[in-house]
Amino acid sequence: MDPMSAQTKKLAILFADISGSTALYEKLGDKLARQLISRCIAIMNGALATHSGTLIKTIGDEILCTFPTAEAALNAACEMQLAAKTDNQSSEHSMYLRIGFHYGDVICEDSDIYGDAVNIAARVTAITRANQIMTTSAAVASLPPALHDKVRKILRADIRGKQEQLDIHQVTWEFEDMGSTRIGMPAFRKQHVDGNELTLTYRDQSYTVNEQNKKLLLGRDNSCQIRVKSDVASRQHANVELRFGNFILSDHSSNGSYIRYSNGEVTRLNREDAVLRGNGSISLGQPSPDNPSDLIEFVITPNA
């Protein structure tokens, strides 16, 4: 890098990658996994032009890009997530993104970027889970006031190389009524699913998640609403939650959670989130339990 030719600019730096892509090669084989990953990267790249983004590089299953403003980065991140969700509805194999971005000074040279702000954006992405968008206080501070209600601070994180912890904010990307905001993305309208219910059945006992009862904890501990009698399940293994109109399974375990849909598709979560759809079963800690009664069956009942 020639210091004389480098320029310092204030930009939003965004990393987006495909969660669980490494396991795809083992599960589906190199050819199909590569095709799916390439398609997903194309979906991510498709949001750049709309929001004045610049692709810096593609690293395996991850893209690094910049935007002139944090607002543009937020809008692009939301578009990426929603485009991936739409693609999953017609795909046999679902793909999930995790996206992190930061806003700060970067050194630009030879079509690449360098500096502390790039490192921070990478660290934010590293602690982001599937289906999430995370950002920093610096990015939030530069957003227009109309977008402040789309982010919420959720944790303070240790960032390698930083003496002080950083506040991390989560971006809401499935908006309840985009027609009433100024974000400028009218296509981002969530389907209204008020009244939908998720019913989970474990050993002849049924449990419901809906607007009145939005969250259930699954695991071996007595505090869990669904207490699973399995040695491979963690004490507080996972939770199912109604969030932004979707039923989300969040894994917090050591051994992972497995979702098997009625069409035979299996999704493995390892400290990740996934949107449940249709009907199927959930297995905690192992793909197929020795005792079928250890499966948690689920079905989503749509609006009448």
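**Group meeting: sheet, cores and contacts in a predicted model**

Five strands, in the order β12-β11-β13-β14-β17, make up an open sheet with mixed pairing. At its edges stand β12 (226–227) and β17 (273–275), each with a single partner strand, so one side of each has no neighbour in the sheet.

On one side, β13 pairs with strand β11, residues 215–219, in the antiparallel sense over 4 bridges. Within that pairing, Leu216 has Val240 of β13 as its bridge partner. Strand β14, residues 246–251, also runs antiparallel to β13, and the two are joined by 6 bridges. Two pairs illustrate this: Leu242 stands opposite Phe247 in β14, and Ala238 has Asp251 of β14 as its bridge partner.

I now come to the nonpolar cores. The largest contains 40 residues, and those with the most contacts inside it are Leu14, Phe67, Met80 and Phe101. Which elements give two or more residues to this core? They are the strands β1 (7–19), β3 (62–67) and β4 (96–109), together with the helices α1 (21–28), α2 (30–50), α3 (70–88) and α5 (137–141). The most comes from α3, which gives 10 residues.

Leaving aside residues up to four places away in sequence, Met80 touches Leu14, Ala16, Ile43, Met44, Ala47, Leu48, Ile63, Leu97 and Ile99. There is also a second, separate core of 26 residues, with Leu198, Leu218, Ile282 and Ile300 among them.

Next, the packing of two helices. The axes of α1 and α2 are 7 Å apart, and the helices pack at an angle of about 145°. The crossing of α1 past α2 is right-handed. At the contact, Ser21, Leu24, Tyr25 and Leu28 from α1 meet Asp30, Leu32, Ala33, Arg34, Leu36 and Ile37 from α2.

For those who work with cysteines, how many disulfides does the model contain? The count is 0, where a pair of cysteine sulfur atoms would have to lie within 2.5 Å. Cys65 counts as buried because its relative accessibility is 0%. Cys78 is likewise buried, with a relative accessible area of 0%.

Where does Leu295 lie? Its place is in the loop between β18 (279–284) and β19 (296–301). Is Leu295 buried or partly exposed? Its relative accessibility is 21%, so Leu295 counts as partly exposed; the cut-off for buried is under 20%. Not counting residues up to four places away in sequence, Leu295 touches Thr201, Tyr202, Ser281, Ile282, Ser283 and Pro289. Finally, Leu295 and Arg203 are 92 residues apart along the chain, and their C-alpha atoms are separated by 8.2 Å.

Definitions and conventions
Residues are numbered from 1 along each chain as its sequence is written. This is a predicted model: local features need pLDDT of at least 70, side-chain atom pairs count only at pLDDT 80 or more; totals for chains, interfaces and linings use all residues. Side-chain values use heavy atoms; hydrogens and water are left out. A nonpolar core is a set of buried Ala, Val, Leu, Ile, Met, Phe, Trp, Tyr and Cys residues joined through side-chain atoms within 4.5 Å. Buried means under 20% relative accessible area, exposed over 50%, partly exposed in between (1.4 Å probe, protein chains only). Contact means heavy atoms within 4.5 Å. Two strands pair if DSSP finds at least two bridges between them. Axes are lines fitted to C-alpha atoms, for helices over the stretch in contact, and angles run from 0 to 180 degrees between N-to-C directions. A crossing is left-handed if the near helix is turned anticlockwise from the far one by less than a right angle, and right-handed if clockwise.
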